[in-house]
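Work through the following exercises with the sequence and the model in view, and try each task before reading its solution.

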Amino acid sequence: MTMAAEANFVADPFTPEGDTVIDCKVDKIFYGDFLAVRDSVVPIEKNKITAFIGPSGCGKSTVLRSLNRMNDLINVFRFEGSVMYHGQDIYAKKVDPVVVRRYIGMVFQQPNPFSMSIFDNVAFGLRLNKYKGDLEEKVQKALERAALWNEVKDKLKNSGLSLSGGQQQRLCIARAIATEPDVLLMDEPCSALDPIATRQVEELMLDLRSRFSVALVTHNMQQATRVGDTTAFFSVDISKGGRTGYLVEMGPTAQVFDDPQQQLTKDYVAGEFS
Amino acid sequence: MSNIDLVASSDMEFTRPNLERQLLEGRAIKNNVLTILTWGTAILASVPLLSVMYMLLVRGGTRLFGADFAEVLTALPPAGFEMGGGIGPAIVGTLLMVAIASAISVPFGILAAIYLAMLEPKGKLATTARFLAKVLTGFPSILAGVFVYAVLVISFGYSALAGGVALAVLMLPTVVLAAEEAIKQVPQRMKDAAYGIGCTRTQVIWKVVLPTGLPGILTGVMLAIAGAAGESAPLLFTALFSNYFISELMEPTASLSILIYNFSGMPFENQIELAWTASLVLVLIVLVFNILARLFGQPKV
């Protein structure tokens with residue numbers, strides 16, 4: 001393999017202008033013997049939305065779930081590299097992944113409310129952390145921020161599962177922000193939602209930006225352009241027989257979509273990627 | 001009718017198809033015969049259950065729903081030619097031993113199920129334990145009695161406690177397997193949500209998995225209790241029988257199943273009637289437990 005081709009497989013590191021809240025440097029991520037992701041430097045900026053795009057199997061969800069150690073729940077998972085969060089590597093031996101997840105919350109692809117009341121769903125994390133203040137006020141605030149309060153204020157005792165899909169996803173966002181995490185990881189939060197609910201969740205993300213830093217995985221490139229401040233494009237390297245994901249290019253969203261530096265990115269955003 | 005020709009030659013006479021039901025056609029006959037057969041077997045299968053319930057209500061109901069029902073439910077069993085009397089000690093004994101058995105097998109069973117379903121589902125210990133639990137479900141119940149006889153009764157004598165332990169041995173595998181199944185049914189995304197919000201594994205289990213799986217777990221516990229309440233063989237070796245109310249756990253006690261066995265073989269009309277009553281009471285106790293489990297097992301929201 002020539003040097004030029006080799007260089008094409010490692011993106012130039014992106015240095016954001018503003019503050020970085022999570023500085024993720026992936027060397028290698030393994031599932032057992034399978035090399036899932038390699039050589040990706042993905043800084044998550046403070047109070048911005050960082051969108052991860054790329055074809056299926058490119059490792060964008062894997063990288064996202066590495067940011068709060070959700071992948072630790074998979075036995076064969078192995079992470080090489082560092083994820084610096086406020087000066088600490090969250091993969092350091094003495095770090096408790098449970099505590100990491102309290103600061104770096106997560107919203108999943110499928111809405112996953114607990115089978116308890118709407119109120120209890122939002123209060124869950126607060127009770128977990130033995131919140132001493134006014135629980136009801138806090139729950140109301142979280143639901144208001146999630147743009148759900150007006151729809152559910154009269155039925156807080158109903159099951160969280162009784163809501164529609166879009167409402168359930170906003171409930172999950174309310175649950176995630178109730179504990180006031182620092183960073184929100186969203187793994188394709190709109191892929192199970194209809195366009196109207198998608199728009200509501202997107203507006204919510206833009207609104208949340210003032211308080212939280214967001215990392216967002218999306219299959220929908222329009223969504224990345226609508227809400228992403230920064231976009232990271234991942235792709236799959238099948239040259240060595242496996243299917244290894246890696247970061248191709250990262251930069252301000254406008255640049256990635258209008259003036260991409262890499263041919264692969266150009267093809268993908270133009271829809272010519274196979 | 002459409003005027004468009006679909007075939008080239010339109011001079012063919014179109015015969016009107018017969019769309020009516022042909023009852024005597026081969027497949028129609030087969031169809032009807034099979035339908036009737038399934039109906040028939042379904043009814044046949046319910047005959048034993050309905051006739052048992054009918055017999056219980058008619059024979060046992062005369063005393064239980066009669067004027068002296070309070071005496072039947074609370075009094076001591078009658079001696080030989082004595083009239084009246086009741087099955088009080090047996091009811092207390094059965095309830096007590098089922099309570100002891102539940103107190104032992106439910107916590108053990110649920111904790112074991114958590115291990116099997118969540119902590120180490122594919123480990124060697126889990127595979128072995130699961131296999132043994134499955135074998136134990138088909139374990140002859142009299143052997144549970146013999147086992148407890150050897151372990152407890154020989155040293156400490158016949159007692160309600162030994163009876164409860166014997167029933168616990170029988171309940172344990174049912175509780176473990178049902179609870180494991182119920183815990184496995186809790187969707188992974190709910191567990192993910194709990195982890196994602198910063199729960200430890202213990203908190204995920206206590207606050208999400210067990211509450212969500214509760215209806216299934218309670219159903220398993222109920223099945224186990226219903227089975228244990230009707231057991232007689234293991235109690236023959238452990239709790240024995242007594243004609244008086246139990247005053248401490250370490251003494252023998254009566255139970256409904258042994259009372260039914262003893263009294264149904266007696267040549268006295270009164271005792272045989274009481275055996276029927278005891279059978280009905282046993283069925284009703286299991287029924288009440290079932291209804292309670294359904295009430296408490298329902299999700300609160």
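**Exercise 1. Identify the residues of the nonpolar surface patch, and find which helix gives the most to it.**

Solution. The nonpolar patch on the surface is formed by B:L49, B:M53, B:L57, B:F65, B:L284, B:L287, B:V288, B:I291, B:L292, B:L295 and B:F296, which together have about 1,000 Å² of accessible area. Patch members must have over 30% relative accessible area and no salt bridge, with nonpolar side chains (Val, Leu, Ile, Met, Phe, Trp, Tyr) joined within 5 Å and, in charged patches, like charges joined within 9 Å; a salt bridge is a side-chain nitrogen of Lys or Arg within 4 Å of a carboxyl oxygen of Asp or Glu. The areas are Shrake-Rupley values with a 1.4 Å probe, and for residues only the protein chains shown count as cover.

B:L292, for instance, has its place in helix α11 of chain B.

The model is predicted, so that local features need pLDDT of at least 70 and side-chain atom pairs count only at pLDDT 80 or more, while totals for chains, interfaces and linings use all residues. Residues are numbered from 1 along each chain as its sequence is written, chains are lettered from A and ligands numbered from 1 in the order in which they are written, and side-chain values use heavy atoms, with hydrogens and water left out.

**Exercise 2. Describe the largest pocket by volume, lining and residue class.**

Solution. Begin with the volume: about 860 Å³ of space lies in the largest pocket. Of the 28 residues in its lining, A:L73, A:I74, A:N75, B:M118 and B:Q188 are the closest to its centre. Two or more lining residues come from each of α2 (60–66) and α3 of chain A and α3 and α7 of chain B, with α7(B) giving the most, 4 residues. By class, the lining divides into 13 nonpolar, 6 polar and 9 charged residues.

On a 1 Å grid over the protein atoms alone, a pocket is an open set of points with protein on both sides within 12 Å along at least five of seven lines, whereas a cavity is a set where a 1.4 Å probe fits but cannot get out; lining residues have an atom within 4 Å of a point. Points are joined across faces, edges and corners, and a volume is the space filled by probe spheres set on them. Ala, Val, Leu, Ile, Met, Phe, Trp, Tyr, Cys and Pro count as nonpolar, Asp, Glu, Lys and Arg as charged, and the others, Gly among them, as polar.

**Exercise 3. How many cavities of 30 Å³ or more are there, and what lines the largest?**

Solution. The count comes to 2 cavities. The largest has a volume of about 80 Å³, and its lining includes A:R101, A:C172 and B:I197. In this lining, α7(A) gives the most, with 3 residues, and the classes are 6 nonpolar, 3 polar and 3 charged.

The second largest cavity has a volume of about 30 Å³, and among the residues that line it are B:T94, B:L167 and B:E231. Here α3(B) gives the most, with 3 residues.
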